[in-house]
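Q: I've got the model open and want to learn how to read it. Take me through it feature by feature, please.

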Amino acid sequence: MMKKHIVLSILSLMSIGLWAQGLQKMSHDIRQLVNQTTQQAHRAQGTKQQETVRAMIRFSSNAEAVMAQFHCNAITHVGDIYIADIPISQLTALAEDEQVERIENHVGGKVLMDVAPDWIHLPALYEDPRLPQAFTGKGVMLGIIDVGLEVTHPNFYNADGTSLRVTRFLDQFAAENETYGKAIDLGREYTTEADIKGKGYSGDSHRNYHGTHCLGISAGSGYTTPYRGVAYEAELAVVDSKVAGDSGFGSANELALMKYIFDYADERQMPCVITYSIGFNALPGDCVLFEEGISKLTGPGHIFVAAAGNEGSKMGYVCKPKGMAVAGTSLTGNKDGIAYLYSKDPFTLKVISKHTKPADGSMKGDSLVYTPTEETVKKQLAGKQVSVARNDTCYTITFTRDSTDTDAGAVLLVVEGEDSFVQLVVEVEHSFVNDTDSDPRCGNATNDHSIGLPGCLPSVVTVGALNARKKYVDVKGDTIASWGVMTPEGTIAMFSSRGPTLDGLVKPDVVTPGVNIHASANSRYEEDYGNELVAKTTFEGREYPWVAISGTSMATPCMAGIVALWLQANPTLSPDDVKRIIRETSHPLGDGIPNNTYGYGLADAYAGVLNILGLPAAISELSQHQPAALTIRPADGGIRLSFDKAPTKSFAVRVYTVSGQLLGQHVIRPTASTDYLLPLNNASGICVVQVNSREQGVTGSELIRK
């Protein structure tokens, strides 16, 4: 009998050991899902529960056999990282299998748009109809993974509206019984022009227009409006993702969609850039597979551009370094609050109800005290249900107010331990507030370390938002200030997230305009656009809107469009190449370069193309900018110079090949005209036109295609 008890005890300990090892293999959100499912199992039967989760899995061997054993449906794989739909009931057993190294997913995707030019040396980004004649994104695939997409908006046709540039469309919100397209594991795909036009818009386009706006910024033709995007001749691969909300798949799904677009670009033998303006909570050490997957997918001709996030205007980070005895803040929320604590060291966490305000810090009164020796602790604190739950080196702190709590939705968090390094991060829907009036120890929150996932990853080109337009005029003629008045023009937008990342990387990499940006929106959106509406266009019997909104969501597709122009100049550029060009050609902003507010500064599309082509070295006198008061265009038999106003001083014009050979030169005496046609014989391909003048705004260079 004694032997039987010993054997049972050993088996029990082994079972606990396997369970602990399984937990360590799971990312935070997968662990949370397992815990929630366990709790739901104790509730009344009949409660509808989620049956599967889409996640990333890495195996040491026998991937297909293990997935079959645990009834997983493999969607795709990136190297040794598989994306699969896993029965939630099998998660624990799957994690305990010795051939499984990690299971990962991140949920709660959030579009990075807030409530609502000539900054990057593309004459005419957003409002001015001029654009460089040589580089327009032609021959480049521009992909987007987003929500709320209307692919038949005239902005996604060519400039005269005769040819649709969307050649691939995938909708994860499509109904099963649709006439057009075909069902695949990732959703419903539309591969012919007839099917894409027949489908027309995503299943969520009536409640969201985020994707239509972002795609318009990066690659819209403008149609009959001045709101032309950056790479307006790029070919478009469009994916509408079920990423946000309770039904969202999470980061594993997004990795599969990235692969889907890059694979399609490879099939078309085109370089590709993907613009991504959705973000997740970034938790230290929690995105191993996502980071590896993106790194494997990107490389020469495969560039991934992501938003920094819109958390820069709130306090969301507390650091207590070693040698500092105590740090703290207040955690706030409308009804509840969620924060995460990270530490590998011993510490003491004190959660204090704001009803208790100890003057001497003695912790007398209503508080919860937690140390890492415990797993989960819960306590009722004066109308708030507070809990601290441990998952390896990550601790989730939550509070929920009940009906008896008349105080503001907040608790005080105080971390102690002079020999411990501790980081506190707030969940995206909540915030920290420094509240030294309630407790003098609670004043350590800052607004840095707020770059979200995937923008925090090293292989991603991460984009912050610059305030480039303080005001705009809506369709009714009213002047709207919106976010533009929050910060001076030419400085970082108030909402734009700041680095460093929680792993210490300098981010963002670069900034582009992201405030009051004008672009396309959905005709089927059910809500009123209000003062966001700046224009309407009728196309094929339907009225389509153009709106102005703000966010790092808007800055990101701008940068992706720039990268498309650069890929047109060199289709083999890698992420490292793009970051080098950013480093060498951006206009520095802020203190120290790079820095955690602006990265390397404001992107310069034109200087980047010159850098790729090697033109500054080939032509020593070449200006690194385009003329501000002069448009240079190819014309029959020559080049047309169109001045904003008639020049009053003589100007010199030189025309070169991209290798530096001088094709022709002219010295022009001014007349009363604003237009000058110069002959250019025996020239073909890309030419460089350099204009020099003592008149303001005339000196500069331009690339044109003859």
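Q: What covers the buried residues of helix 11?
A: Some ground rules to begin with: helices (H or I, at least four residues) and strands (E, at least two) are DSSP runs, numbered from the N terminus. Buried means under 20% relative accessible area, exposed over 50%, and partly exposed in between (1.4 Å probe, protein chains only). A contact is heavy atoms within 4.5 Å. Here the cover includes helix 9, helix 10, helix 12 (615-618) and strand 38 (700-705). The buried residues of helix 11 are Ala-605, Tyr-606, Ala-607, Gly-608, Val-609, Leu-610 and Ile-612. That's 7 of its 9 residues, so helix 11 is largely enclosed by the rest of the structure.
A: About the numbers: this is a predicted model, so local features need pLDDT of at least 70 and side-chain atom pairs count only at pLDDT 80 or more, while totals for chains, interfaces and linings use all residues. Residues are numbered from 1 along each chain as its sequence is written, and side-chain values use heavy atoms, with hydrogens and water left out.

Q: Which way do helix 9 and helix 10 cross?
A: Axes are lines fitted to C-alpha atoms, for helices over the stretch in contact, and angles run from 0 to 180 degrees between N-to-C directions. Angles under 35 degrees count as roughly parallel, over 145 as roughly antiparallel, 65 to 115 as roughly perpendicular and the rest as oblique. Helix 9 (residues 552-569) packs on helix 10 (residues 575-585) at about 105°, with the axes 12 Å apart, which means helix 9 is roughly perpendicular to helix 10. Look for Met-559, Val-563 and Trp-566 of helix 9 against Val-578, Ile-581 and Ile-582 of helix 10. For classes, Ala, Val, Leu, Ile, Met, Phe, Trp, Tyr, Cys and Pro count as nonpolar, Asp, Glu, Lys and Arg as charged, and the others, Gly among them, as polar. By that scheme this contact has 6 nonpolar, no polar and no charged residues.

Q: What about helix 7 and helix 8?
A: Helix 7 (residues 251-267) and helix 8 (residues 288-297) have an angle of about 5°, and their axes are 10 Å apart. Helix 7 is therefore roughly parallel to helix 8. Helix 7 brings Ser-251, Leu-255, Met-258, Lys-259 and Phe-262 to the contact, and helix 8 brings Phe-290, Gly-293, Ile-294 and Leu-297. The class tally is 6 nonpolar, 2 polar and 1 charged.

Q: Is Val-305 buried or exposed?
A: Val-305, in strand 13 (residues 302-307), is buried, at 0% relative accessible area. Leaving aside residues within four places in sequence, its contacts include Val-273, Tyr-276, Val-461, Met-559 and Val-563. Its C-alpha is 9.4 Å from that of Ser-459, 154 residues apart along the chain.

Q: And what does Ser-353 touch?
A: Ser-353 touches Asp-366, Leu-381, Ala-382 and Lys-384, not counting residues up to four places away in sequence. Ser-353 sits in strand 17 (residues 348-353) and is buried too, with a relative accessible area of 0%.

Q: How big is the largest cavity?
A: On a 1 Å grid over the protein atoms alone, a cavity is a set of points where a 1.4 Å probe fits but cannot get out, and a pocket is an open set with protein on both sides within 12 Å along at least five of seven lines; lining residues have an atom within 4 Å of a point. Grid points are joined across faces, edges and corners, and a volume is the space filled by probe spheres set on the points. The largest cavity comes to about 260 Å³. Of its 24 lining residues, Asn-281, Glu-311, Val-428, Ser-450 and Gly-452 are closest to the centre. The lining has 9 nonpolar, 10 polar and 5 charged residues.

Q: Which residues lie nearest the centre of the second largest pocket?
A: Pro-284, Gly-285, Tyr-342, Lys-344 and Thr-393, out of 20 lining residues. The second largest pocket holds about 360 Å³, and its lining divides into 7 nonpolar, 7 polar and 6 charged.
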